[in-house]
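Subject: Structure handover

Hello,

Please find the structure below. My notes on it follow.

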Amino acid sequence: MAAYAPPLRDLDFVLHDVLRAAEMPIPGYDELDRETTRAILGEAGKLARDVLAPLNAVGDREGCRLENGVVRAPSGFKAAYDAVATGGWIGLDLDPAYGGQGMPHMLNTAVGTMHAAANMALNMYWGLTHGAYNAIHEHGSAEQKATWLPKLVSGEWSATMNLTEPHCGTDLGLLRTRAEPQADGSYAITGQKIFISSGEHDLTPNIVHLVLARIPGGPAGVKGISLFVVPKFLVHDDGGLGPRNGLSCGKIEEKMGIHGNSTCVMNYDGAIGWLVGEPHKGLRAMFTMMNEARLAVGVQGLAQADAAYQVASVYARDRLQGRAVTGAENPERPADPLIVHPDVRRSLMDQKAFVEGGRAFVLWACTYIDAHQRGGDAGANGLISLLTPVVKGFLTDKGFEMTVQAQQMLGGHGYIEEWGASQFVRDARIAMIYEGANGVQALDLVGRKLGADGGKPVMAFFEMVKVFIRENEGEERLKAGFLDPLKAASKDLQAAAMFFMQSGMKDPNAALAGSTDFLHLFGHVCLGYMWARMAKAALEGSDDFHHAKLATGRYYMARCLPATTLHLARIQSGAEPVMALPAEAF
Ligand SMILES: Cc1cc2nc3c(=O)[nH]c(=O)nc-3n(C[C@H](O)[C@H](O)[C@H](O)COP(=O)(O)OP(=O)(O)OC[C@H]3O[C@@H](n4cnc5c(N)ncnc54)[C@H](O)[C@@H]3O)c2cc1C
């Protein structure tokens, strides 16, 4: 199996030549000079390549085991987790007041692209801690922050998010877990949660569960849900571990991928918990961490595509099959390598163009999280809310598609386990489902985000693309290959938005029937915009890396971006073709 190669040159290019991060007027970005980011990303890359990636297949093969109520993570996971925690990686972008390093979220995401590519299942054990940290940091009391945050930041303890129940996943208004108020101000939590990632394991001595539950007497539906912190072990005043709390892992799920991560049924039997934030406002509290969490899942889709592409590109250069249609390129050997065949190239270019475009997209999107969180920029918050479902939905749908393309490159050797291509496909698949299934991301984009704040965020996006095109139109080397296709695709996106505004009001089914197409159309325009910006930056260099950037970008604009026309046609066909049949006809 090919070793994972951290894409350090590309990250450096995106951060400094494309985004010009150190010059961005965002607090803390002035520290992101090339030397600093090279040092940090270089170390993160080594950890990914030497520690995390070698355990990827191990985790897949061994999976997790439930033994007497304890979940055993795969061999080597504990030592790798400890290396991540002691290296300070879990708190890279977290608050220094609790032991974090306070670096921008964008840098943490750049690190995450490598760690998730090297070993997605293992990476999740601290990825979820990050989300729980955010909820407590934003909504918890001073005492809760002091109790939980330092140990989450250091990685001494890990955390989970408990939303899903057997009868409710997307529709959390149906949630039944109860939280009975106790005389001492705590709550007794009773109910069953399913599919809880990292719900139980032996990597940390304590696990901090964030649980959504109902306080009796509260409003029905989503307005009556509260958020609780419910630790596996109670904690003494001095911070030491106390007695075991009333919760247990009833089962771990057998599943398609991410075998190294424990997906648990969690039973809460009067477990002691404490309210985080206000009663009945739990869903709102949980949603404040959604932008980051959903971006992190988008990164998983991208990361699996990156890892799979790396295997496919090595294989396509090694494997000898057939002859180039234009004459033997390798006459001294019995056959030419796969890479000479145009259809193989097409697939590799699809993958390469997606991975590099997606990498720029997600890092660019993170600058809006930082601009909002560190700089209080309300406009940035509007934009990141708009872009979040696109990052999550597009990068995971396409990321999965790219892992399948990579697997296809290997023929039968992609289907068997030896090369690892099959694992990338299986692992990537879940990212389309959890943290809000992609159909629901599309619904969120069209139903909520498009019209949010009177449409200001989407107008700001259109304006940004328009200004970029206008400012660079004089550059002949960009015009036909990049700016003209971007202009056409952006027009398709505007026409789709207009269609929703005009017909969505009259017929909501028309808007929702086109929602997934709209999400993909939007994703393509974002990647087109990123490729145009990367091309502009690449024109300033002249080595092989820059030439490859321009060629890959031209490929994206010529071969991938025209998908916007198809998406627009589908959107404009409205609800009728989709909803024509009665339910009984299926
Ligand atoms: C491996 C794994 C790990 C997970 N980790 C966690 C975790 O850590 N914590 C946690 O709380 N949950 C977790 N989940 C649960 C996951 O978030 C849910 O499975 C997901 O939200 C979907 O819920 P559901 O399975 O109940 O599907 P449903 O809600 O039943 O949806 C089924 C399908 O219908 C579609 N759909 C539903 N409603 C609509 C609508 N209004 N419009 C359009 N389409 C719709 C959905 O897109 C989906 O494709 C995990 C799941 C898995 C498999």
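Contact here means heavy atoms within 4.5 Å. Leaving aside neighbours within four places in sequence, aspartate 517 is in contact with His567, Arg570 and Ile571. Aspartate 517 has its place in helix H18, residues 515-538; helices are DSSP runs of H or I with at least four residues, strands are runs of E with at least two, and both are numbered from the N terminus. With a relative accessibility of 12%, aspartate 517 counts as buried (buried is under 20% relative accessible area, exposed over 50%, partly exposed in between, with a 1.4 Å probe and protein chains only).

Before the rest, the basis of the values. This is a predicted model, in which local features need pLDDT of at least 70 and side-chain atom pairs count only at pLDDT 80 or more, while totals for chains, interfaces and linings use all residues. Residues are numbered from 1 along each chain as its sequence is written, and side-chain values use heavy atoms, with hydrogens and water left out.

The ligand

The ligand is surrounded by 18 residues, and the closest are Met161, Thr164, Thr170, Phe195 and Ser197 (a residue is near a molecule if one of its heavy atoms lies within 4 Å of it). By class, this shell has ten nonpolar, six polar and two charged residues. Asp, Glu, Lys and Arg count as charged; Ala, Val, Leu, Ile, Met, Phe, Trp, Tyr, Cys and Pro count as nonpolar; the others, Gly among them, count as polar.

Strand S3 (158-162), strand S5 (187-197) and helix H14 (438-449) each supply at least two residues of the shell. S5 gives the most, with three residues.

On the polar side, a ligand nitrogen lies 2.8 Å from a polar backbone atom of methionine 161. A ligand nitrogen is also 2.8 Å from a polar backbone atom of phenylalanine 195, and a ligand nitrogen is 2.8 Å from an N or O atom in the side chain of serine 197. On its own the ligand has 970 Å² of accessible area, and the protein covers 62% of that (Shrake-Rupley method, 1.4 Å probe; for residues, only the protein chains shown count as cover).

The protein as a whole

The protein has 21 helices and eleven strands. Of its 586 residues, 58% are buried. Among contacts between residues at least 6 apart in sequence, 73% join residues at least 24 apart. The C-alpha trace spans about 80 × 60 × 60 Å along its principal axes.

Regards

Key: A polar contact is a pair of N or O atoms within 3.5 Å; within protein, one must be able to donate a hydrogen and the other to accept it, and residues adjacent in sequence count only if both atoms are side-chain atoms.
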